[in-house]
Amino acid sequence: MTREWDNDAAFLAWRTTEESEKGIELNVSGVEHSDSLIWRERRVFRCSRERSGGKWNYVCTTQSGRKIKSKKTGCRCCLTIKKYQHTETILGKYKEEHDHTIGDPNLRFTRLSDETKTLVMDMVHLGIDANIIMRVAITYSFHFRADGSR
């Protein structure tokens with residue numbers, strides 16, 4: 001483990017900053033709990049452009065193609081954290097290489113909360129410049145997410 005955070009709040013602040021600066025989204029893809037005396041919980045986060053795993057049982061019954069292509073690229077970015085029994089310190093390992101562009105070009109592939117969508121629609125109806133809307137929406141979305149209520 002090459003990264004360390006003092007507690008959950010410090011980790012959440014770091015994650016929010018990382019997502020905001022790089023225009024990415026790190027989603028929980030697995031949680032494992034342990035009865036061990038050493039660690040109590042392990043979480044794996046993956047870039048939202050990675051498939052979540054598991055078997056895909058869907059069989060296409062029509063010959064028409066997808067109108068919207070999948071955003072999934074198989075991105076190898078992965079963050080693993082462990083929480084320990086007798087301390088609030090969180091240790092982590094972060095493989096931050098992406099196989100897609102990050103930053104502003106990647107924002108179209110990230111999810112917005114319903115509250116952020118409402119804010120954007122209100123700003124559009126008021127005739128606010130698109131560049132200002134983007135800055136406000138990104139800031140609001142990541143702030144709202146850091147608050148824990150997405």
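Q: Which side chain meets Glu-32 in a salt bridge?
A: First, a heads-up: this is a predicted model, where local features need pLDDT of at least 70, side-chain atom pairs count only at pLDDT 80 or more, and totals for chains, interfaces and linings use all residues. Residues are numbered from 1 along each chain as its sequence is written, and side-chain values use heavy atoms, with hydrogens and water left out. A salt bridge here is a side-chain nitrogen of Lys or Arg within 4 Å of a carboxyl oxygen of Asp or Glu. At 3.0 Å, N to O, the partner of Glu-32 is Arg-42.

Q: Which strands hold Glu-32 and Arg-42?
A: Strands are DSSP runs of E, at least two residues, and helices are runs of H or I, at least four, all numbered from the N terminus. This pair links distant parts of the chain, 10 residues apart. Glu-32 sits in strand S2 (residues 26–33) and Arg-42 in strand S3 (residues 39–47).

Q: Is Lys-22 buried or exposed?
A: Buried means under 20% relative accessible area, exposed over 50%, and partly exposed in between (1.4 Å probe, protein chains only). Lys-22 has a relative accessible area of 17%, so Lys-22 is buried.

Q: How far apart are the closest N and O atoms of Lys-22 and Glu-96?
A: Lys-22 and Glu-96 belong to a salt-bridge network that also links Arg-3 and Glu-18. Between Lys-22 and Glu-96, the closest N and O atoms are 2.7 Å apart.

Q: What separates Arg-15 and Glu-19 along helix H1?
A: Their side chains meet in a salt bridge. Arg-15 and Glu-19 are four residues apart in helix H1 (residues 8–22), so the separation is about one helical turn.
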